[in-house]
Amino acid sequence: MSRVVLSGAILAVLLLIAGPALAVSDPLEMLPDRQQEVRAEAVGHQLRCLVCQNESVEDSDADLARDLRRIIRDRVKAGDSDQHVIDWMVARYGNFIRLRPPFDAHTLLLWLAPVLAVGICVITVLLSRYRRPVLVAPLTNEERGRLAKLIQP
Amino acid sequence: MSLPTAQPSRRLLLIAPLALAGLGGVAAWTLLSRMRQGIYDPRGLPSMLIGKKLPSFDLPGAARPGGGAFQGFSSVEIRAAHRPVLVNFFASWCIPCVEEAPVLMQLKADGVPIYGIAYKDRRTANFLNQNGNPYTRVGSDEPGRVAIEFGLYGVPETYVVDADGIVRFRWSGALTDDVVRGSLSPLLKGRS
């Protein structure tokens, strides 16, 4: 028992030490202003790296992602709002660059899919609950006789 | 020995999956034939440039090894061409670019002006010596900044710009004869 606790504690300590892996390991890339850098990172985390497609621009090592990171920082330094930076990217790469697609006519089905799925489940359950049992004709005397013979050991 | 209650849903249960499978088959067949004709690219993302003006840029020529350089170009020149042209992003380090080189050479032979943009590339001249030079001009985008204005996400990528300087089509990945036949030719024929 104590061994389990001990290994659990060691694992927890290791996990705490490890921390998240940061792609922006190059301090030269970072903005000198801490607050601006935090904003730039937040924006970068919302944008998709178009080469790897499942990583954010902030997490990717691809050349294109590095270029986009630089542009984000240039824009933030120039005083653009977060929304401005994102709009700038969307104007060039479309909504695909946003890891969190906006709610509009194109993505209606995407966003409402969970609601739709739950709705279908509820309707199916309700329908099956209130469905009238299928009427089966009672056995004829002949059938009853055969059944009795079959059941008898 | 028939049951007294008829069950129409049972027939539905048989027909529904069959109809669904049939529909799926038709869809898959359409998809594949469109891919074969070069009018559908499953990995393609919609380009934001379609129907819009060519972005503004001015690129220096790609360097030649012995000194000197190819002639660069700007968006103004492409618009001044007043005929449909191709803009092709490529790089010497890109393997599909080697694959599409013969297709581009054929387009050149057919008299299509192709403006090449070497993306993050320093060995452009060697590449063109080896695979042929299909380009009217060869600009160099070493910082990759113009590429981002195009919304490029990899090389090779090819854009059709019409006689009015409007982007009409984008193909990402190597061009094939099918893509040329299915998508490029009709657009290039427009007004030349």
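User: Does H82(B) count as buried, exposed or partly exposed, and where does H82(B) lie?
Analyst: In this predicted model, H82(B) sits in the loop between α2 (75-80) and β3 of chain B. Its phi is near 55°, a positive value in a residue other than glycine. A residue needs 20 or more C-beta neighbours within 10 Å to be buried and 12 or fewer to be exposed. H82(B) has 13 inside 10 Å, so H82(B) counts as partly exposed.

User: Is strand β4 (residues 114-119) of chain B largely enclosed or largely open, and why?
Analyst: β4(B) pairs with β3 (residues 85-90) of chain B in the parallel sense over five bridges. Five bridges also join β4(B) to β5 (residues 137-141) of chain B, and these two strands run parallel. Because five of its six residues are buried, β4(B) is largely enclosed by the rest of the structure.

User: What is the hand of the β-α-β unit made by β4(B), helix α4 (residues 124-131) of chain B and β5(B)?
Analyst: The parallel strands β4(B) and β5(B) are joined by five bridges. Together with α4(B), they make a β-α-β unit that is right-handed.

User: In what order do the five strands of the open sheet in chain B stand, and which are the edge strands?
Analyst: The order is β5-β4-β3-β6-β7, with mixed pairing. The antiparallel part includes β3(B) and β6 (residues 157-161) of chain B, joined by five bridges. V85(B) stands opposite V161(B) in β6(B). Two strands pair on one side only, so by that criterion the edge strands are β5 and β7 (167-172) of chain B.

User: Which peptide bond is cis, and in which loop is P156(B)?
Analyst: P156(B) has its place in the loop between α5 (145-150) and β6 of chain B. With omega near -5°, the cis bond is the one from V155(B) to P156(B).

User: Which residues touch the most other members of the largest nonpolar core?
Analyst: Nonpolar side chains tend to be buried together in soluble globular proteins. The largest nonpolar core here has 62 residues. Beyond its neighbours within four places in sequence, L86(B) contacts several residues, including L107(B), I114(B) and Y159(B). The residues touching the most other members are L86(B), F90(B), Y119(B), Y159(B) and V161(B).

User: How many helices and strands does chain A have?
Analyst: Read along its sequence, chain A follows the pattern α-α-α-α-α-α. Buried residues make up 15% of its 153 residues. The count for chain A is six helices and zero strands.

User: Which element gives the most residues to the side of chain A that touches chain B?
Analyst: In the contact between the chains, 15 residues of chain A meet 13 residues of chain B. By class, the chain A side has eleven nonpolar, one polar and three charged residues. Elements giving two or more residues to it are α3 (63-77) and α4 (82-93) of chain A. With four residues, the one that gives the most is α3(A).

Key
Residues numbered from 1 in each chain as written. Chains lettered and ligands numbered in written order. Predicted model: local features only at pLDDT ≥ 70, side-chain atom pairs only at ≥ 80, totals over all residues. Core = buried A, V, L, I, M, F, W, Y, C linked by C-beta atoms within 7 Å. Contact = placed C-beta atoms within 7 Å. Right-handed = clockwise from strand over helix to strand, strands pointing away. Nonpolar A, V, L, I, M, F, W, Y, C, P; charged D, E, K, R; others polar.
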